[in-house]
Amino acid sequence: MFGYWPAVMNPRVSLQRLITLSVLSVGVLSGTVGLAYAYWHAKQSLQTTVGITFQEIARQSADKAALLLAKEIEWTQRLSALPDIRASVGETAPVGPASVHLERWREEQRRYFQSLAIVRADGQLVGGRRSDSARTFYVQQPWWPIVFREGRPWAGPFTVDQEGHGYWEVAVPVRETNEPVRGVLKVIIGTDRILASILESRIGRTGHMMLVADDGLVLACSLLPPSRHTPFTAITAQSEKDRSARWVQPALDTHGGKKGIVGVAPVVLPPPVIQAGTWSILVQQDPGETFEPLLALVGKLAAFWVGAIGFIVWLRWRLARRIVRPLGTLIQRIDRLGSARSSTPTVALAPAQPCGIVEIDALASSFDDLSQRLEQASQANAQYVHRLEQANLALATSEEHYRLLWNHSVDSKILIDPAGVIQAVNRRGESMLGRPATTIVHQPVSGLVADSERPRLLERLQLALRSGADVPVGLMRVPTPAAGDLTMDIDFVPVMKSGRVESVIMQLSDLTEQKELERQLLRSERLASLSQFASMFAHDIRNPLAGIKKTLEWLGRCPEMEQAQPRRCLADLRFTTDLLLGMINDMLDVYQESYSGLPLSTSPVSPSLLLKEVLRLFRSEAEAQEVQFHLQVQADDLWIMGDGRRLQRVLINLIHNALKYSPPQGTIMIAVQVEGDESLSTEDQMQPAHCPMVTIHIEDEGPGIAPDDLPHLFEMFFRKKDGQDYRIGRGLGLHFCHLVVEAHGGQIAAANRPEGGAKFTVTLPVRRERLCPSPS
């Protein structure tokens with residue numbers, strides 16, 4: 001608006017000056033608004049980025065804290081399971097001073113705990129005198145009903161003394177398996193080491209983490225004592241259901257900073273632990289350091305604004321000259337044309353009135369002279385009409401050329417009227433659709449695509465008719481009589497006439513082979529990458545395992561390993577090492593063969609012995625989950641010919657999956673059956689039609705398998721759609737089982753049990769295996 005002030009002050013103004021001031025005013029105004037918006041947007045982006053970063057750091061630290069605290073509870077539970085502890089709270093245990101052995105053990109544990117007490121179910125302290133006051137004291141403790149009535153561990157709140165040291169009270173039940181709670185082991189754990197490992201991380205110069213109670217009081221901080229902190233009121237304003245990882249911008253943080261960004265995440269212990277209080281991890285930074293990049297951005301924006309103003313000043317000068325100079329040149333040319341007067345007399349126009357702009361007034365004066373040349377313009381118009389007639393003749397000739405281009409186009413093209421009815425189809429379209437034009441013309445265009453695609457096709461057609469612009473439809477399935485369903489890329493191109501859409505050209509490009517090649521290429525790339533990684537991993541880890549195996553063989557020859565317990569542990573270690581080496585060799589064989597032609601090393605194999613070895617491998621894990629194995633073998637003396645190591649790997653995968661998805665105190669049923677006539681001769685058993693079959697059933701009581709996942713369960717890289725389930729593998733274990741069973745000429749299948757849980761069935765041919773002697 002500043003550019004109009006000279007026109008008001010002076011009735012005559014230079015066009016160059018008017019353009020210069022107008023461009024400068026518009027540029028300054030738009031530049032200022034743009035830079036202000038850029039600053040606001042940068043500030044919002046910085047707040048969001050820092051907030052999400054602090055939120056994620058707080059969440060990871062909270063998960064780490066929960067893991068460390070859970071390990072402390074697990075260690076306390078292991079102590080409660082010691083025979084001496086259980087015996088001290090038994091019904092036959094004497095009341096009074098504890099045994100010398102128990103007192104010695106209690107003194108040893110004082111290195112790990114600030115306090116340790118063993119309380120019987122009658123409220124008396126083991127190692128103390130019987131008194132009603134002691135019983136009343138312990139019965140009134142908050143952990144008493146949780147431990148004795150519910151049988152669950154209890155985690156108390158964090159407490160901090162005047163010196164800043166933290167303590168944590170934990171109580172776990174003491175009982176035999178499947179027996180009621182007979183006592184409780186209550187300990188007080190020092191949290192300085194745990195909190196130091198959690199809160200030691202720093203972010204920049206002032207960014208750090210804190211532990212905050214559910215009332216907003218700071219329990220621990222890596223920079224200042226808890227007493228010097230302001231309560232974090234933002235955490236008390238959240239309800240229990242809303243307490244999840246988040247970031248907030250409180251008016252005042254715990255260190256007194258204003259408008260700082262704080263990441264908050266609760267520390268949640270895993271079930272079945274009952275948590276008496278709620279704690280949260282806070283991540284915060286001094287607001288000055290957080291918004292320090294924004295101050296630098298302000299300086300850069302200011303420098304950019306100054307540079308932009310200079311550029312606008314230079315641009316307006318160049319623009320004004322480029323506009324005014326052609327006008328001056330045009331005036332000179334008009335003056336020259338006016339000087340060459342024709343001999344034919346013409347009627348002169350009245351002079352134009354001045355408009356107040358110097359350049360425009362000069363142009364109007366020259367145009368008065370140009371009016372005398374109107375006769376020459378009429379002659380030029382006649383020549384133009386003649387050329388237009390010649391162009392119409394050329395247009396009629398080119399119509400036939402366009403028809404040839406229509407029929408011989410590389411892409412399939414279909415002409416559609418505004419009602420969605422097909423009017424014409426080129427030869428390429430007839431060939432691709434496998435139908436003559438007579439069966440396509442005058443039919444609805446929606447009949448060309450699959451039923452599920454028709455609403456979207458008609459919607460895009462209506463959009464092309466309304467907008468008059470090209471509309472991409474995308475990929476659609478087009479059924480054909482000969483080639484089945486084809487994948488087509490469809491576009492709508494409107495044909496305009498007199499300002500409205502007269503018809504629409506539908507272009508179809510066949511991408512069926514391209515999409516199939518893309519899927520094959522993606523699968524090949526994934527297999528190649530996975531094969532290279534597996535080979536490198538297996539090659540690098542095989543040498544250390546071989547060294548471990550040699551060391552275990554040397555330990556087996558030592559006299560100290562002759563005792564029963566060390567010998568059993570050593571045997572388990574050697575078995576696990578051999579199993580790992582076998583897995584690595586399997587990995588190399590499978591990926592080097594590109595998952596085809598899996599080599600087998602056959603020998604007599606006993607299915608029952610393989611199952612017993614695998615169950616021994618998972619014995620400790622099953623005991624920890626209170627899961628029982630129920631093994632039923634029809635014939636212990638059955639031997640088959642197969643690759644024992646790979647068949648053992650198949651059983652490990654299946655039993656491990658069953659154990660992984662079994663509920664606590666569940667049962668895994670394993671049965672080995674022989675189906676078919678085992679009395680046939682060796683020659684008859686070699687025939688596939690008469691060959692007996694060994695069937696291994698593995699059933700669990702877990703959640704079962706989703707019906708949509710059953711057809712794809714043995715495909716490579718197939719995983720359940722529930723990305724939050726930590727038990728989901730990488731989609732290779734069951735595919736490996738399928739390869740091994742098929743290489744043995746057998747079959748593997750999966751189903752759901754009617755009463756709940758999954759059932760896997762492995763069927764292997766016996767052939768001559770019944771006659772195979774047992775290896776000595």
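Modeller: Angles between axes run from 0 to 180 degrees and are taken between N-to-C directions. The model discussed here is predicted.

Biologist: In the open sheet of β6, β5, β10, β8 and β7, which strands stand at the edges?

Modeller: This open sheet has five strands, in the order β6-β5-β10-β8-β7, and its pairing is antiparallel. Neighbouring strands are turned by 30 degrees against each other on average, direction ignored. An edge strand has a single partner, so one side of it is left without a neighbour in the sheet; that applies to β6 (218-221) and β7 (246-248).

Biologist: Which residue of β6 is the bridge partner of Val212?

Modeller: Strand β5 spans residues 208-213 and runs antiparallel to β6, with three bridges joining the two. The bridge partner of Val212 in β6 is Val218.

Biologist: Which residues touch the most other members of the largest nonpolar core?

Modeller: That core has 45 residues, and its largest share, ten residues, comes from helix α2 (residues 15-80). Leaving aside residues up to four places away in sequence, the contacts of Trp279 include Leu69, Phe158, Trp168, Leu211, Val212 and Leu219. The two residues that touch the most other members of the core are Trp168 and Trp279.

Biologist: How many residues does the second, separate core have?

Modeller: This second core is separate and includes Ile640, Ile670, Val694 and Ile698. One of these, Ile670 of β19, is the bridge partner of Leu631. The number of residues in the second core is 41.

Biologist: Does Arg78 count as buried or exposed?

Modeller: Arg78 has its place in helix α2, and its C-alpha atom is separated by 9.9 Å from that of Val174, 96 residues apart along the chain. The cut-off for exposed is over 50% relative accessible area. Because the relative accessibility of Arg78 is 53%, this residue counts as exposed.

Biologist: Does Thr695 count as buried or exposed?

Modeller: Thr695 is found in strand β20. Not counting residues up to four places away in sequence, Thr695 touches Ala671, Val672, Gln673, Glu675, Thr761, Val762 and Thr763. The cut-off for buried is under 20% relative accessible area. Because the relative accessibility of Thr695 is 3%, this residue counts as buried.

Biologist: At what angle do the axes of helix α19 and helix α21 cross?

Modeller: Two packed helices are described by the distance between their axes and by the angle between them. The axes of α19 (residues 644-661) and α21 (residues 733-743) come within 9 Å, and the crossing is left-handed. The crossing angle is roughly 145 degrees.

Biologist: How many residues of the contact of α19 with α21 are nonpolar?

Modeller: On the α19 side the contact includes Leu647, Val650 and Leu654, and on the α21 side Leu734, Phe736, Cys737, Val740 and Val741. These α21 residues are among those that are buried in that helix. The contact also has three polar and two charged residues, while the number of nonpolar residues is eight.

Technical notes:
Residues numbered from 1 in each chain as written. Predicted model: local features only at pLDDT ≥ 70, side-chain atom pairs only at ≥ 80, totals over all residues. Heavy atoms only, no water. Helix = DSSP H or I, 4+ residues; strand = E, 2+ residues; numbered from the N terminus. Left-handed = near helix turned anticlockwise from the far one by under 90°. Contact = heavy atoms within 4.5 Å. Nonpolar A, V, L, I, M, F, W, Y, C, P; charged D, E, K, R; others polar. Pairing = 2+ DSSP bridges. Core = buried A, V, L, I, M, F, W, Y, C linked by side-chain atoms within 4.5 Å. Buried < 20%, exposed > 50% of the residue type's maximum accessible area, 1.4 Å probe, protein only.
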